[in-house]
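Subject: Handover of a structure, with notes

Dear colleague,

I am passing the structure below on to you, together with my notes on what was found in it. Please read the notes with the coordinates open beside you.

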Amino acid sequence: MNDPEKSELPKVASRPTNKAGQTAAEPVERRGSAKGNAIEATTRRTPSRESVSPGLDRVRQTAKANRKCRFTALMHHVTIDLLRQSYFWLKRNAAAGVDGVTWHGYGDCLEDNLTNLHSRVHRGAYRALPSRRRMIPKPDGRERPLGIASLEDKIVQRAIVEVLNAIYETDFVGFSYGFRPGRSQHNALDALAHAICTKKVNWIVDADLRSFFDTVDHSWLLRFLEHRIGDRRLLCLIRRWLKAGVMMDGVTTATTVGTPQGAVISPLLANAYLHYVFDLWADQWRHRKAQGDVVLVRYADDIVAGFQHDSDARMFLAELGERLAKFALSLHPEKTRVLAFGRFAAERRAERGLGPPETFTFLGFNHICSTTRDGAFQLKRYTRRDRMRQRLQSIKKQLHKRKHDPIPEQGRWLGQVVRGYFAYHAVPTNTAALAAFRFQVMRHWRHALSRRSQRHHITWDWMNRLFNQWVPRARILHPWPSQRFVANHPR
């Protein structure tokens with residue numbers, strides 16, 4: 001059986017997860033293969049994201065068959081083999097937590113350490129350590145608190161995520177994309193773009209939850225988890241991670257609300273919280289109260305909803321605020337809005353003497369109503385300027401530190417950086433932003449090389465040849481959203 005953490009979702013849809021008539025932008029959970037022996041153990045001998053224990057496969061089948069089943073015995077699935085896989089799933093060069101233990105250091109005596117960890121987890125002697133707090137700058141000038149857990153906490157959390165995914169992947173709705181196995185940010189972007197271009201979307205609700213990860217209510221979260229989890233030891237582990245606190249400058253502060261951003265288990269806990277607070281409610285709302293078509297796309301705490309009617313959009317936003325307030329959440333008043341958007345937005349605004357439609361941002365891209373050369377509607381997506389500016393500043397600082405390194409070494413590093421940037425941002429209609437980013441990187445590199453010697457002058461012709469030797473040219477790497485969406489989710 002394939003592991004949901006790496007493998008794609010099964011291929012054939014038995015039925016849509018939501019109302020098929022209104023939610024073509026939301027993929028169907030595809031069915032797994034029925035060939036071969038269904039109960040045959042297929043766990044790989046080496047750590048791999050493509051392996052899963054037969055026990056977790058039975059948990060998944062039970063959770064799918066009975067949506068109200070509470071699992072009272074789950075901790076026995078946390079085996080030494082699963083802990084070993086969790087260790088190898090972690091990033092090798094990630095920052096160490098408060099204990100100072102690195103991935104490589106822990107691996108020196110891996111089997112002894114995992115055996116000891118497994119014993120402590122199952123006899124109740126395991127204790128969660130505070131997260132090391134690190135402030136990460138945001139594009140708007142503010143800082144985001146990041147929690148860096150200790151290595152053993154990461155290993156155990158990753159194992160628990162594997163167990164809980166077997167349950168919750170059968171529960172989560174189709175329009176939820178954030179941090180789920182087999183789903184990515186581009187899947188959410190494709191779903192949204194496909195809906196805007198093909199469905200009756202005339203209005204967009206761009207909802208922003210204020211400090212979501214810092215305001216998650218622990219009591220509500222545990223109550224939500226208890227709908228499916230009856231294993232007291234597993235719930236106790238989660239409670240310990242939530243209450244472990246954070247350490248900054250040697251001072252430990254207790255945490256009473258929120259989940260630390262950066263913790264391995266936080267994305268799953270956030271999805272479970274919003275599944276009950278938003279997903280189920282929004283799915284019922286569009287079936288019971290909406291007068292027209294409604295399309296929903298959520299990636300973690302980023303929510304975009306498309307509506308056919310303005311009245312539906314404004315009523316949804318008003319009731320959403322009331323819904324979130326019941327669970328200690330709130331909407332950001334300056335970042336949440338209703339705007340006219342879609343295939344006919346520009347034409348209707350022109351008839352009223354208004355300017356072009358407003359734009360909105362989602363997952364790092366500005367979404368803009370535009371037209372093709374033939375005058376047909378086209379959704380254009382450009383990289384957010386603040387995100388690009390922040391990335392360029394980071395590259396500039398690194399180039400200053402590396403300016404005395406050999407030029408081939410700098411070129412190889414820049415090539416990796418630009419390829420990584422293009423791997424996410426190289427979507428159709430974004431060529432101009434990619435070219436601008438590439439030129440600015442070249443300009444920063446030229447400046448850094450010029451600082452190596454006051455008497456050395458670097459011409460642009462020489463710089464162009466050097467840059468083209470190491471850095472890829474700007475080109476589109478992703479297919480059009482509708483093409484990939486239809487290919488991934490045929491109906």
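The model is a predicted one, in which local features need pLDDT of at least 70 and side-chain atom pairs count only at pLDDT 80 or more, while totals for chains, interfaces and linings use all residues. Residues are numbered from 1 along each chain as its sequence is written, and side-chain values use heavy atoms, with hydrogens and water left out.

With a relative accessibility of 0%, histidine 367 counts as buried; buried means under 20% relative accessible area, exposed means over 50%, and partly exposed is in between (1.4 Å probe, protein chains only). A polar atom of the histidine 367 side chain lies 3.2 Å from the backbone oxygen of phenylalanine 365. I use polar contact for a pair of N or O atoms within 3.5 Å, where within protein one must be able to donate a hydrogen and the other to accept it, and where residues adjacent in sequence count only if both atoms are side-chain atoms. Not counting residues up to four places away in sequence, histidine 367 touches a set of residues that includes Leu189, Leu192, Leu379, Lys380 and Arg381, contact meaning heavy atoms within 4.5 Å.

Two other residues have contacts that involve Leu379 and Arg381. Alanine 193, in helix H6 (residues 185-198), is buried, with a relative accessible area of 3%, and, leaving aside its neighbours within four places in sequence, alanine 193 is in contact with Leu379, Arg381 and Pro481. Threonine 429, for its part, is placed in the loop between helix H14 (407-425) and helix H15 (431-450) and counts as buried at 16% relative accessibility. The side chain of threonine 429 reaches the backbone nitrogen of arginine 381 at 3.0 Å, and among the residues that threonine 429 touches, not counting those up to four places away in sequence, are Gln378, Leu379, Lys380, Arg381 and Trp480.

Four strands form an open sheet in the order E2-E1-E4-E5, with mixed pairing, two strands being paired if DSSP finds at least two bridges between them. Strand E2 (143-148) and strand E5 (251-253) stand at the edges with a single partner strand each, so one side of each is left without a neighbour in the sheet. From one strand to the next the twist averages 40 degrees, with axes taken as lines fitted to C-alpha atoms (for helices over the stretch in contact) and angles running from 0 to 180 degrees between N-to-C directions. E1 and E2 run antiparallel and are joined by six bridges, whereas strand E1 (residues 131-137) and strand E4 (residues 246-248) pair in the parallel sense over two bridges. Arginine 132 stands opposite isoleucine 148 in E2 and also opposite methionine 247 in E4, while serine 131 has valine 246 as its bridge partner in E4.

In helix H8 (residues 218-225), the residues His218, Leu221, Leu222, Phe224 and Leu225 are buried. They cover an arc of only 160 degrees around the axis, which puts them on the same side of H8; the arc is that of the directions from the helix axis to the C-beta atoms. Helix H5 (151-168), helix H9 (232-243) and helix H10 (266-288) are included in what covers these buried residues.

Two backbone values may deserve a look. Serine 211 has a positive phi of about 45 degrees although it is not a glycine, and this serine lies in the loop between strand E3 (203-208) and helix H7 (212-215), partly exposed at 43% relative accessibility. Alanine 328, also a residue other than glycine, has a positive phi near 65 degrees and is partly exposed, with a relative accessible area of 42%.

Finally, a search of the whole structure finds zero disulfides, a disulfide being a pair of cysteine sulfur atoms within 2.5 Å. Cysteine 69 counts as buried at 17% relative accessibility, whereas cysteine 236 is partly exposed at 28%.
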